[in-house]
Amino acid sequence: MNAITSAPAAQTVHVPLGERAYDILIGPGLIARAGAEIASRLKGRKAAVITDENVAPLYLDALVASLDAAGIASAAVVLPAGEKTKSFEHLVTACDKVLEARVERNDCVIALGGGVIGDLSGFAAGIVRRGVRFVQVPTSLLAQVDSSVGGKTGINSRHGKNLIGVFHQPDLVLADTDVLNSLSEREFRAGYAEVAKYGLIDKPDFFAWLEANWKAVFAGGAARIEAIAASCQAKADVVVADERENGHRALLNLGHTFGHALEAATAYDSRRLVHGEGVSIGMVLAHEFSARMNLASPDDARRVERHLQAVGLPTRMSEIPGELPPAERLMDAIAQDKKVKGGKLTFILTRGIGQSFVADDVPASEVISFLREKHP
């Protein structure tokens, strides 16, 4: 990417999925415009807004006012914040509240929150009345660049993360960049891991741009909008090519197989590890494992680690507070991950920066040996 000198106040990324095509709007002030944007696209005039206890005091009133101004009646569902909300208990609560609001198929569920709320709300929208319309209003960087785009929804199980869910594409994504100013540094950094991921998958120029411009992205303004738009475009391209993750879309899981195992190992305790931090460590591990398998240069792994360290992300398992289970237990979590097919381990590995690929049938013995080295 070229160095940024100016950028429009807002950008639009189109996801061309035929009759299910939708737009991702990226820029400031979008919550205030949400009602008008939704009313111009959807026929229904009722909405159930699902949010959490942290986000509701900040943005719920503004969203409801915008919906009211556009003639859309709304009911709010406020759930507890945190990864543990992605459960059957809270899914049932959300579905009951959506039905109580008499939301019909042409009406919509609106997810106002981060990845947890987006995943659970999308699942509810996909199963209530066998599917109602769905709008994402992501309030974290991670959700804006990753989980709000592509139609993956779900909840966690005691067996692992995101193992229960459906594919249900949104009808609209409103990524209001103003809301990112309320994030803690830790939350913003965690979301940035997913931004960096797109460069590491197949856009080496984007990764190099991030290395040079990450401070401007963190500062806000044009660089932030550009980075979010580039990330959304990258994900949209992959989703259009492989919506149901039968092949190419699996590349989006770079760092996630290791990362999900680490999240499971910490019992999804956000005080110890949040998703983006797990992905950061996982991406370094994926590059190091690729080097160990003689697929890539160790210099690439060191370059990835240097950049993620520079922005303040963890890159080593030893940086996770508290005790981790032994390598064998981590391996059990990896074997339960969705990236396993036919009992064979599937990893996203790399031949260099921006040269990721799907590696089927990775030897379990190699993974165990590698984990023992990294976590003796």
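## Annotated sites, a cavity and cysteines in a predicted model

An unreviewed UniProt entry lists G115, V116, I117, G118, D119, T139, S140, K152 and K161 under "binding site". From this set, G118, D119 and K152 belong to the lining of the second largest cavity. UniProt positions follow the numbering used here, feature names are shortened, and annotations may be inferred rather than shown by experiment.

The model is a predicted one, in which local features need pLDDT of at least 70 and side-chain atom pairs count only at pLDDT 80 or more, while totals for chains, interfaces and linings use all residues. Residues are numbered from 1 along each chain as its sequence is written, and side-chain values use heavy atoms, with hydrogens and water left out.

**The cavity and its lining.** A cavity is a set of points, on a 1 Å grid over the protein atoms alone, where a 1.4 Å probe fits but cannot get out; lining residues have an atom within 4 Å of a point. Grid points are joined across faces, edges and corners, and a volume is the space filled by probe spheres set on the points. By this rule there are four cavities of 30 Å³ or more. The second largest cavity holds about 40 Å³ of space. Its lining is formed by G118, D119, F134, Q136, S147, S148, G151, K152, T153 and H168. Helix α4 (115-127) and strand β6 (133-138) each supply at least two residues of this lining; helices (H or I, at least four residues) and strands (E, at least two) are DSSP runs, numbered from the N terminus. By residue type, the lining divides into one nonpolar, seven polar and two charged residues. In this scheme Ala, Val, Leu, Ile, Met, Phe, Trp, Tyr, Cys and Pro count as nonpolar, Asp, Glu, Lys and Arg as charged, and the others, Gly among them, as polar.

**Two further residues of the first set.** V116 is located in helix α4. Leaving aside neighbours within four places in sequence, V116 is in contact (heavy atoms within 4.5 Å) with G82, E83, T85 and K86. K161 is found in strand β8 (residues 160-164).

**A second annotated set.** UniProt, again in an unreviewed entry, lists E194, H256 and H275 under "binding site". These residues span 82 residues in sequence, yet no two of their C-alpha atoms are more than 10.2 Å apart, so they gather at one spot. E194 lies in helix α6 (residues 185-202), and H256 in helix α9 (residues 256-265). With neighbours within four places in sequence left aside, the contacts of E194 are L142, V145, D146, H256, H275 and V279.

**Burial.** Buried means under 20% relative accessible area, exposed over 50%, and partly exposed in between (1.4 Å probe, protein chains only).

| Residue | Relative accessible area | Class |
|---|---|---|
| E194 | 0% | buried |
| H256 | 5% | buried |
| C95 | 12% | buried |
| C232 | 0% | buried |

**Cysteines.** A disulfide is a covalent bond between the sulfur atoms of two cysteines. Here it is taken as a pair of cysteine sulfur atoms within 2.5 Å. By this rule the count is zero disulfides. C95 is in no disulfide, and the nearest cysteine sulfur, that of C108, is 15 Å away. For C232, the closest cysteine sulfur is also in C108, at 20 Å, which is too far for a bond.

Notes
On a 1 Å grid over the protein atoms alone, a cavity is a set of points where a 1.4 Å probe fits but cannot get out, and a pocket is an open set with protein on both sides within 12 Å along at least five of seven lines; lining residues have an atom within 4 Å of a point.
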